[in-house]
Structures are given as structure tokens and as C-alpha cells.
Amino acid sequence: MKNDPLKKRDPNLLLQSAPLLRQELTTPAAMKEVWIALLPATAAALWFFGLSALLILITSISGALLTEWVFTDKQKRRFALSDTSAGLTGLLIGLTLPPGLPLWMAFLGGSVSIGLGKVIWGGLGTNIFNPALLGRAFLLGTFPIAMTTWGAAGGPGEFFQLHSSNLALPFMQAQVDSMSAATPLGLMKFEQQGTALWSLFMGNTAGSIGETSALFLLLGGVYLLLRRSIDWRIPTAIFLTAAVFSFIMFLTDGDKYPSPLFTLFSGGLLLGAFFMATDPVTSPLTPKGCWIFGIGVGFLVVLIRLFGGLPEGMLYAILLMNAATPLIDRYTQPRIFGRQA
Amino acid sequence: MATDVSAYEEMIKGLWRDNPVFVQVLGMCPMLAVTNSAINAVVMGLATFFVLVTSSFLVSSFKQWIPKQVRISLYVIIIATFVTVVDYSLLAMLPAIHKELGAFIPLIVANCMILGRQEAFASKHGVKYAVMDAVGMSAGFMIALFSLGAVREILGVGALFGVDLFSANFEPWVIMILPPGGFLTLGLLLLFFNWFTERRRQFLIKVADVDKIAVGVKDNG
Amino acid sequence: MNTANITSSTHPSAQNQEPGSSRLVISMAVAGFISGVIIIAIYMLTFDTIKENKARELREAVFRVLPDVSHMQKLHFVDNKMVVVKSDGMDDEMIFAGYDKDAKFIGYAIQGKAPGFQDTVHILYGYLSSNSNITGMAVLESRETPGLGDKIFKDMDFVSEFINLPMHKDIKAVKKGTKTQENEIDAITGATISSKIVVKIINQAFKKWSPRLPQQGSEPALELSEVKVVKES
């Protein structure tokens, strides 16, 4: 504020236009909040999946940063990278990847996230789909087998136990990983086998590196809510809808369909609800729109999980609602004061 | 001599400057649907080549006898006849490829590039020019089909014309041989094509400025 | 194209005036006629080759699923018994009987179809009634996802699981590597749905055909003018 030219002048002559209340909310500041909120989940990822998780996160972030750097105007490069949004996208896609994924795929994922998810639409703030999820959808469609081969979670003592499949050469297949395991959602869908809620809550289950620990995701999510960095309506609507819908299904057949708590704590629902569905660029602007958006995501995720061919549906639920966002915004615009509806 | 040069130009324009796919963005249906391997793309290109060249030849030969009120129906009859010829010939000679191309051979009838050339060019020009134009356009179409098919087969299967290019360990990019891969690859090729054309235009402008001769530089954008 | 035909029916000089409706009709009719002649000509020219291609494809499939076959004939299920048919047509109520070079009965090639991941999957499998073994499976038609679902005929590990598969009870597709029972099939990783469809088709066709097949020893004898199977190397 020291260098603000307006402040240096005679205060009696100061002219300012509305809004007069200045806020410190800039893009880098908003991004910083999300980085902080993701710290617990990232720490949990490193704890459970060790060196593999670290390497995957590093490669996906560097893929995202490098792509941003290559495709940005020479004059704008420093500015584009300094808002840290590209790195954040890289971290988010990294957290949705399975621990045994070959590193070259993680790099490709980070680079597709930025290239096809953001830059091609015109850069930050102009994309329709969440870049990290778009990158993950690309990877899931491109390498369906590698993207659904999950490693079991380990403990801190196994930090240096690297998945051998991580080190597959670029464009080459990974060797079959002996450490593979089924995710709680996969067990539920294909073998009607539940997982202890405590494991789901703590996170020592198989799954994507950043999605397993409900506790640490909740910590980050609550931080974001308290700092008012995200709209509370979106996660609330997602949780309520998913819980109610899955509870109804649970009542009809308790052996076939999982309980609402299982639905909330398993898979990528928490990660998606707090960190991806709330992306300000790709979610509605109006309060009513946020409710509709959240209800849509919650409904679609349970629908895909229970009746679709895949065990997990958070990715497509959010992407589908991203596509509906412009429409939602259009129909939920508040009435202009004094004008007939 | 002058006529020869312009006939040659009618042919060459289809390859790059007026490429039916990269510039006019026509014929997208076969473009996206059958380019999941290079051989499918080439066979589709050849089928289109045959239909377009023969139709253009007939339309320009008979143009003064085709009443303009029923010209579209007549063009479609001519095109449909040749498409049927191609369809049966492929079924007899290359049944395996015919099976893969499936419904898209009969759908050549609806390829807007072919009807478009009849309406826009063959019905207004002499036989020689019409055939040259058809050859150029379908060659341009085939180049586009092949480049899409080659990219998709190399990444999606790790092979070109069925010959493995990498070791057996190659991880195929499944999405590339599925419909989304067609859209992605076509989009990226269009991006590359436009970027290259723009670069070339900028370069030509620069050269013209330097030499102080702005005249004679053709706008390729 | 027949130039004379078109010129005789139209008048180039009429180009500048509004052509009469009779002229429009005639030009359409002439074009339609010529087009029809060409289409019929190409159809008749290619008819034999196309028919032979289809028959060869079927013969090759029968040979693949029933080893040591050198003759085959079609059996049609009508009026609760199997009768030998010689027509070229093929429908869901028909199966093939295979015979060795001394015209001795070997086994059946049975077809079945069911909706797959994208379109109907049509398969053919060989069956020995003597020991109720499946001797092989071939996919006649499918539009399963290239690279994943098409492994039901491209993945030789999967296809070879159907060679000498005992069919005492329903077969079952299980996750790859977890096969423990004789009647289990290792599904293809990433194409579980397509693998299960193949298994389902075989189970359905088996249920449909096993009560219909004639008693062992009373299989219809090979009739003359049978279709010969040529061994392809």
C-alpha cells in the first residue's frame, strides 16, 4: 500500500471509484489457501504410499509447470507461473493417481491437465472443465488398466518401498506389480465386501494417493470453509445428497448397496467435494446455482457408483456438472432490484 | 501453356491452400469415424478419391444437359451409383477392411465435400479442370485422413499399417483409437495447421517488408 | 455412361428457357435408369466373390473351433428334431456338424449371440457331445472397444482357455489370476464385461442346444454334396 500513488496525494483531493472497500483477495492469495489446505492430505499420501507418492506428485507438478511455461507468452511467463495455479493443478491431479502408476504417465497427466484443460481455453479463469479432473479423465481413458491398478497402503516403515511399476520407461508398459490391491469401492462393487469405517477414515486402504484419508481431507476442507475460501454450499449439498440417496438405496438392499458413511468416506468423494467441485472457475457463481451444482454432483456420483460400470464416479460427476455450469448460472441469475421477474 | 499452369494450380490448391479438411473443415464424419488405423484411412481415402474424380468427370461432362432445377438429385444419383460400385468392389476384394469401415462406405454419399465440389466447381468448369480439382481435393482429403489415421494408430496401437514400431512392451493409448482420440487428434492437427499457416504468413510479410516489395505476396491465411 | 441416351432426351438449346416439367422428369428417369443398370451390373459381377468370401469365413471359423474337421453340414432344428439343410441361409436355429475325412462324426459347431458392450457379439464354439468338452471358440462378429473388448478374439491367452474346456456345469468368468475351478475362465484385465459376455453366450447356447442335440451315436450321417472344409495353413 506504501507505493499506492493515490495515497501520496493530498487526502482532500483523493478521488476513488467504487468499490471502496479493498480486499486482499488476489489469485495468488487464494491459491495459497488451497496449498495450505492440501498439506494434511499430501502428508497423509506420503505417509501411506511413501516414495512412490512423492515421485508421482513431483512429476505431475513438473509436467504441469513445464506445459504452462512452454505455452505461455514469453512476456507473461513469470506472471503466469507466479500465481502458482499451474503447480496446484499438478498437485491435484497427482493426488488422484494410483501409487503404482508409471511416472511418465503422471507427467503426461500434469501436462494434459494444463495443455488441454487450461491453456487451450485461454488460460486461467476461462476453462470450462476442472483442469486436474480433465487430465485424470484423459489418463483414465488412455491407460485404463494402469489407472485402475491400485497399490496397497503401507506405513512409515515402508517409505522407501517403491512400486517397481513407477519406473517404467516412457511409452512402455509397467511390469505387473505384485503389490496390487483392490480399492474399498472395487471390493464393494464387485465382491460385495465392505471395508472397516476406521480404515476409511484414517486412510490405510488402497486407492489414489491423496483420496484415501478422510480425516486429513476433512482437516483441509474445514480450514478452507473457515477461511471462507470456498463456497460452503457446494460441499454441503454434495454430502447431503450423496448421503440421502445412498441411504435410500441402503434401505432397499443393505447387502448390495453400501451405507451412507461408506459412500462419503470412500473413493474420491471428499477430495473432489472440497478441492475440485469448489473450483471457482468451473462452478456456479450464484448461491442457488451452488446448491443445484452440489446436488447434481452428489446425485451423479452415487448413481455412477451403484449403477454404472465403474466403481468410482466422482470424476465424471464433477465433469458433467462443470459442463452444466454455464446453464445453471444463466437460470439462477438474481433478479435485478425493482425489475419484474 | 497458361491453361496448363492454372489446371495444375486447381489440383495443387486442394493439397494445402484449400485443403478440404484442414481449411474447409468438410467431410468430418468419415474423418473422425474411420481413422483409427492408417490402412482404414487410406482405403477410405481411395474410395473417396474414386467417387469424387468419377463424379466430377461426369458432372462437368454433362453439365449443359443437367437442368438446374433437378441438379442436386442428379448429382446425388451419380455419386450414389459410384459409392455402390465402391461398396460392392470392397466387399468382394477386401472383406476384412470393408467390415471395419462398415456403414461409413455407404455414407460417402453424404460426404459434403463430394457434393460440394460438384455444386461449386465441376458444374461450372470444363472437364479437365474439374478432374484436376477433384484429384487435388481428394488427395488433400486423403493426406488429412492418413495423417489422422497414422497418429492414432501409432499412439493407440504402437504400429503403422499393422507393423509394430516399438517393442512388445509399448503401452497403447487406448483413447486414441476410440472416438475421443479422433476429436483430440483432429483438433491438435488443426491447431498445428493454423499455427504453421500463420507463421508462414508472418514470415512472408516480413520478407516483403524487408525487400520493400509488398506486391506479389499472396495471402495464404 | 451412355452419352447418346442423355442427349437424345434433352435439348441443349433449351438451356436459357425454363425447361418443361417433362424434360425434368425425363432427365431424372434416364439418370435413374443408367444408375440402376450400373448398380445391377456391379452387383452381379461381385455376387459370387462376396458369397464365397462369406462361406470361407464361416468354414474357417468352424475349422478353428472344431479341430480335425474336413467336412461339415448344416443342421436345422425344426419340429423337435435336427434335419440336414443345404440352403445357403443361416439363422439362429442352425448349427454345424463336423465330420472327419472318412465322414465320421466329430462334433458340433454351435453359434450364439448376445448384446455386448457396444453391439451384438456373435460367437461360434465347437462342442464334443462324447465328453461334453468345448473344443474352441471364435468370434464371428463384434464391435467391442478396440484395444480392450476386442481382446476376446485378439488375446490368444483368452481364446485358448476355451480349448478343451469341460462343460459339465455353467462356466464362469473370474478376475484374471484367480481361476481355481475347472469351469472358471480368467477374464481379460480391463475387459471384464466383454469376457463375461462371451461366457454368458456359451452358457445360454449350451442350455438351448444340449436338449436338442441327437442321442450320441445317432448323429445325422454326412450327406453328399456337403460343404468341404479346406485346411488353411
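**Reading the model**

Guide: Chain C has five helices and 10 strands, where helices (H or I, at least four residues) and strands (E, at least two) are DSSP runs, numbered from the N terminus. Bear in mind that this is a predicted model, in which local features need pLDDT of at least 70 and side-chain atom pairs count only at pLDDT 80 or more, while totals for chains, interfaces and linings use all residues. Residues are numbered from 1 along each chain as its sequence is written, with chains lettered from A and ligands numbered from 1 in the order in which they are written.

Visitor: How do strand 1 and strand 2 of chain C pair?
Guide: Two strands pair if DSSP finds at least two bridges between them. Here, strand 1 (residues 71-78) and strand 2 (residues 81-85) of chain C run in the antiparallel sense, with five bridges. One to look up is C:His76, whose bridge partner in strand 2 is C:Val83. The hairpin has two residues between the strands, and C:Asp79 takes a positive phi near 50°.

Visitor: Which residues of helix 10 and helix 12 of chain A meet?
Guide: Contact is defined by C-beta atoms, placed from the backbone, that lie within 7 Å. From helix 10 of chain A come A:Pro235, A:Ile238, A:Phe239 and A:Ala242, meeting A:Leu269, A:Ala273 and A:Phe274 of helix 12. By class, this contact has seven nonpolar, no polar and no charged residues.

Visitor: And between chains, how many residues of chain B are in contact with chain C?
Guide: 24 residues of chain B touch 26 residues of chain C. Helix 4 (71-93) and helix 8 (174-177) of chain B are the elements that give two or more residues to chain B's side. Helix 4 of chain B gives the most, with 10 residues. That side has 16 nonpolar, eight polar and no charged residues; Ala, Val, Leu, Ile, Met, Phe, Trp, Tyr, Cys and Pro count as nonpolar, Asp, Glu, Lys and Arg as charged, and the others, Gly among them, as polar.

Key. Contact = placed C-beta atoms within 7 Å.
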